[in-house]
Amino acid sequence: MTQPRPEVLQKLTPVLTKRWLSPDAWQIGVYERLDGYLALRKALDVHPDDLIQLVKDSGLRGRGGAGFPTGLKWGFIPQGDGKPHYLVINADEGEPGTCKDLPLMTYDPHSLVEGAIIASYAIRANRAFIYIRGEAVHAARRLRNAVQEAYAKGYLGKNILGSGFDLDLVVHSGAGAYICGEETALLDSLEGFRGQPRLRPPFPAVAGLYASPTVVNNVGTIASVPYIVLGGADWWKSMGTEKSAGPMIYSLSGRITNPGQYECGLGITLRELIELAGGMKPGHNLKFWTPGGSSTPILTAEHIDTPMDFEGVAAAGSILGTTAMQIFSDQDCPVYNTWRWLEFYHHESCGKCTPCREGNYWMVRTYRRILAGQGTYADLDTLQDTADNIFGRSFCGLGDGAATPVVSTLKWFRDDYLGYIEGRTAPRLSEKTLVGAH
Amino acid sequence: MTDVAKKADTVTLTVDGVEVTAEKGELVIRVAERMGIAIPRFCDHPLLAPAGACRQCLVEVEGQRKPVASCTQTVAEGMVVKTQLSSPVAAKAQAGIMEMLLINHPLDCPTCDKGGECPLQNQAMSTGRADSRFVEHKREYEKPIHISSQVLLDRERCVLCQRCTRFSEEIAGDKFIDLMDRSSGEQINVYRDDFFGGEGTGDGQAGEDEGDVPFNSYFSGNTIQICPVGALTGEQYRFRARPFDLVSSPSACEHCAAGCSQRADHRRGKVLRRLAGDDPAVNEEWNCDKGRWGFRYTTATDRITTPLLRDPASGRLREASWSEALLAAAEGLRDARERGVGVLPGGRLTVEDAYAYAKFARVVLGTNDIDFRARPIRSSGSSPATTEEADFLAASVAGITDVTYEAVENAPSVLIVGLEPEEECPILFLRLRKGHLKRKLTVTAVSPYLSRGLEKLGAALVAAVPGDEARLLNTDPAVAGALSAPGSVLIVGERLATVPGGLSAAAALARRTGARLAWVPRRAGDRGALDAGCLPNLLPGGRPVTDVAARAELSLAWRVEAGVLPSTAGRDVDRIVAAAADGTLGALLVGGVDPADLADPRLAEEALAAVPFVVSLELRQSAVTRHADVVLPIAPAVEKAGTYMDWEGRLRSFAAVLPGTAMTDGRVLEAIAALLDVTLNTGDVSAIRRELGSLPAATARPALPAAEVVEPARPAEREAVLATWHQLLDLGTLLDGDEVLAGTARPPVARIGKDLAESLGVVDGDLVTVSTDRGGVTLPAAITDLPPAVVWLPTNSPGSTVRRSLGVTAGAVVRLQAGVPGPILAEGVAR
């Protein structure tokens, strides 16, 4: 393990992660001692519109992957429309490689609760929901405990801190479907229906939960709000880049010495992040990596100096996504990895639209054959074409996400595919695996 | 198109380089369709909400990063759309989707019912590849699944377009099929215990399966029709024919008064299936399962194909030649004319045939003793002298076409009395539901309880003890309130005739509130028979028989001498039956009437037995032919041309679907008349239509009836007031032999309120016996939110033939006891 150089270490900007290592920061008493709920008191003193303006000024962009400006989204909520407004927090973190929200909710749940109260106040919602992934039992337990504590302290419920503002916060556990991370499927699921993406328009800002104006934000987005309220827009913008302001939690996994969450200003490079993570594992050389989860096109060693902000990654032909960086080395096979991802997408496809439902079924089987040494040259063309026929044709982004690793590995690592087809690479799956494969 | 002045609510866009104007909100796929550009599609259906699920209809829209689904994309000003005709991107996207749809689709077209008329097959030819690149295993499922006794599901053929589930939820309101599982294992299915390992979700109503929940809908056949592949098939048609061997003819449904347009497909002289016809003004593109599948009665084994004469020696019917039988009928009727002949044409006739009966009665028999109403026309205890319904029909219905489906859909509010729309006029039910869901139509129902059908209309209930409806119409503020908005519609069912003062109150209420009034009978021929003059008080065109001028004009039109047409109102159905039973009448001329449908079936059969001479114009052996002296076979609807008049008063003309030698009622009556030296001129449909068109129209209307309101019956201990109506699928004559269809009939139950359940000591599912002096009915109890001391029975369902077994109708007092299984005779009746 190599120690990071001081100038790289300085790039760490612990904001959302600052309490994670404080013992018992998930308890309200500790949280309050560590500046907790100060932002809420400050926020309740200002007009909700000013809060929206503050968030606009901060340049905060959605942390769920798409990077939509948060203040703009809040501003879409029609005010004075006589309808109930809702805040829904997307905590259905399920993208392979992504692991920023669950530790946040486990180790610092009150920051999310506090952010939720401020955001609800800003958009005039009296009911907010946290839709948390069903498998995240421990995080949900911590979160429920935090909500209870907040109620007991008067941060939730009626007339919060004497402000006249009421808010109920509900923690809802999903039932284990990746698709429910898609915001409209999440809303359907929250309403008790089968989780499938909705037709847009209408967008959630107009007709979201229970056909009422709804803001759906990622955990990281909402948890950022208290810091912006306390520190101000300018302080927030002092981190990151001009168009990608603020700190970001980079989740590093794979062939590095110290996998984990590294919070740095947007725009840091993979080279620096690997250094922060103690370098590559001994004997491993970087071969390919995902910038933001398996749904983002993979990048290769040549992209190691790409600035990890929305614009920089886009310029390199990929997407910043959830900054879930899975790092693979020369001992990893991109074909095998893509197959594993595809099995996931195939399993998680909701089935609503043809390309995602059928395309994944097809591609998974083709990969199984290739990896069993039974692939053909034609398979590569078919794979490429099928992925092209899925990408941009599916109902929601899940289909695009499934096609992405196929297209990008075929682009960068075609020879690895040919290795299996031409018999240069030993099969990774046996014939037996194919029997009755389903 | 550019020079057309643009309306504010239109936009101009370009599709494949052609400029086109479209209404705001119109979908791109519809605009393209109007221009003659066929974009392939599966999930899209013009009457269902857009889904965007199948992705087959992708097109390129300039400025959009990805191809867009034209079935969900609405038009915008200046939009530039390129379909597969002008965009390689769109063409490739469509070809790609088609390829993916086919990878898991079986290549069983040669044995699939849909083969030859399959959107998937057709569009695979237009949009798909010539060969498949797919070399993996296809998805397999157990096949087929019976999701109801009528509907079968082959899941491996399904393309998951969700048309069926969307129809069931959006249109019918019967959400019994849904998507289950996910990914490539996603499938349509019904709730099945073995699928979920669950306990069952029966809602506790007696008779419902507590475990599996089948596809329990009166409209399930529509899902088969709109399925774009062969995943949903009908038990009745499965493996019976190839579409390209069938001859398709437009037709009209002969069952209820909804007036559905249909398509009948036949091969080698036999109808193999029927489909909903496309008529936006009436049934849109839907029909009910009864209309779709209830057509086997015409091929029943007891169909009469040759005239029959009763042999005086043996007393049995024997086959006879037409000339012999017609002569016997003519002579018998001529001889009975002096004493009087009653004419019961029934409610299943075409307008043309009904007119023939009306004219035959007046011109040949010289009588007004004619009544199409084959049902109770007054309450069980009313005096036969009351003519409230006939007066009401004369004053407020005959010749009037005030209310249409469209008017109902667009009304702000509808009040329903004496009608259970889902059971008695299912397409009206669908339209009410559409109005309720899409146009915020509020529905109020005066009924004993809020049925599942009424619930699906979001109806507010004005709970009524049967017999009390008239009082409620006169005095209940909720009733008047429901009609307060301009444009409101009052819909009364034929059953209101059994409430003394009910129809008078309805007419008065309509006049008082300004609401439009619609009368909905139950049979396809009822309204037509009314307008054709098959009532004792009305001539064709809704003109009173007592109107001198009307008689004179009609005499002129019919070329009969003055004085031939009788000038006083004749006997109605009850009085015809009574007069036949007591020997007053000399003969009966009976069309398609089942005595069991009449108010007192026993008396009706006595009348048939007692009357000296009976001529029966029938399709099949029946309770009437058993007593008939002459039986003359006539053509079923499918073998003749004609016109039904639906409840709106709308004419539903159709041509013969099957060629046949069977004659219409009108042709047979004409032949009898000819033997009596009268030229009836009713043998040819077009001749009748010409004649009907030339008849003078009614000018003045008789006054509204003002019948007395009668206090509803007061049941004593262990008694209750009877509520009853027909279920859509029951023991009706036209449903004989359709066992598959009977499988989705609602299980017969006796509905009682909590009060009766407690006093009888029964719980849901326990047997309850309802009896009168005549007999009893024993059914499982279904505890329902009914007014106190009211019991509901299905009128004519298996185990519950109310009129035959009890001899009473709604509003009568019946006895109740906790039931015992087995055949029941009431107390005091000898076994």
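Visitor: Where in chain B is B:Pro144 found?

Guide: Look at the loop between helix H3 (119-127) and strand E6 (145-146) of chain B; that's where B:Pro144 is. Bear in mind that this is a predicted model. The bond joining B:Lys143 and B:Pro144 is a cis peptide bond, with omega about -20°.

Visitor: Which residues does the cis peptide bond in chain A join, with omega about -5°?

Guide: That one joins A:Arg200 and A:Pro201. A:Pro201 has its place in the loop between helix H9 (183-190) and helix H10 (204-207) of chain A.

Visitor: What makes B:Leu160 count as buried or exposed?

Guide: Count the C-beta neighbours. A residue needs 20 or more within 10 Å to be buried, and B:Leu160 has 26, so B:Leu160 counts as buried. B:Leu160 also has a positive phi of about 55°, although it is not a glycine. You'll see B:Leu160 in the loop between strand E7 (151-153) and helix H4 (163-172) of chain B.

Visitor: And B:Asp181, why is that called buried or exposed?

Guide: The cut-off for exposed is 12 or fewer. B:Asp181 has 11 C-beta neighbours inside 10 Å, so B:Asp181 counts as exposed. Its phi is positive too, near 60°, in a residue other than glycine. B:Asp181 sits in the loop between strand E8 (177-180) and strand E9 (187-190) of chain B.

Visitor: How many residues does each chain bring to the contact between chain A and chain B?

Guide: Chain A brings 23 residues and chain B brings 25. On the chain A side, H15(A) gives the most, with eight residues. That side divides into seven nonpolar, ten polar and six charged residues.

Visitor: Which residues have the most contacts inside the largest nonpolar core?

Guide: Those are A:Ile89, B:Ala506 and B:Val791, in a core of 383 residues. Helix H9 (residues 351-364) of chain B gives the most to this core, with ten residues. Leaving aside neighbours within four places in sequence, A:Ile89 is in contact with residues including A:Leu112, A:Phe129 and A:Val219.

Conventions: Residues are numbered from 1 along each chain as its sequence is written. Chains are lettered from A and ligands numbered from 1 in the order in which they are written. This is a predicted model: local features need pLDDT of at least 70, side-chain atom pairs count only at pLDDT 80 or more; totals for chains, interfaces and linings use all residues. Two residues are in contact if their C-beta atoms, placed from the backbone, lie within 7 Å. Helices (H or I, at least four residues) and strands (E, at least two) are DSSP runs, numbered from the N terminus. Ala, Val, Leu, Ile, Met, Phe, Trp, Tyr, Cys and Pro count as nonpolar, Asp, Glu, Lys and Arg as charged, and the others, Gly among them, as polar. A nonpolar core is a set of buried Ala, Val, Leu, Ile, Met, Phe, Trp, Tyr and Cys residues joined through C-beta atoms within 7 Å.
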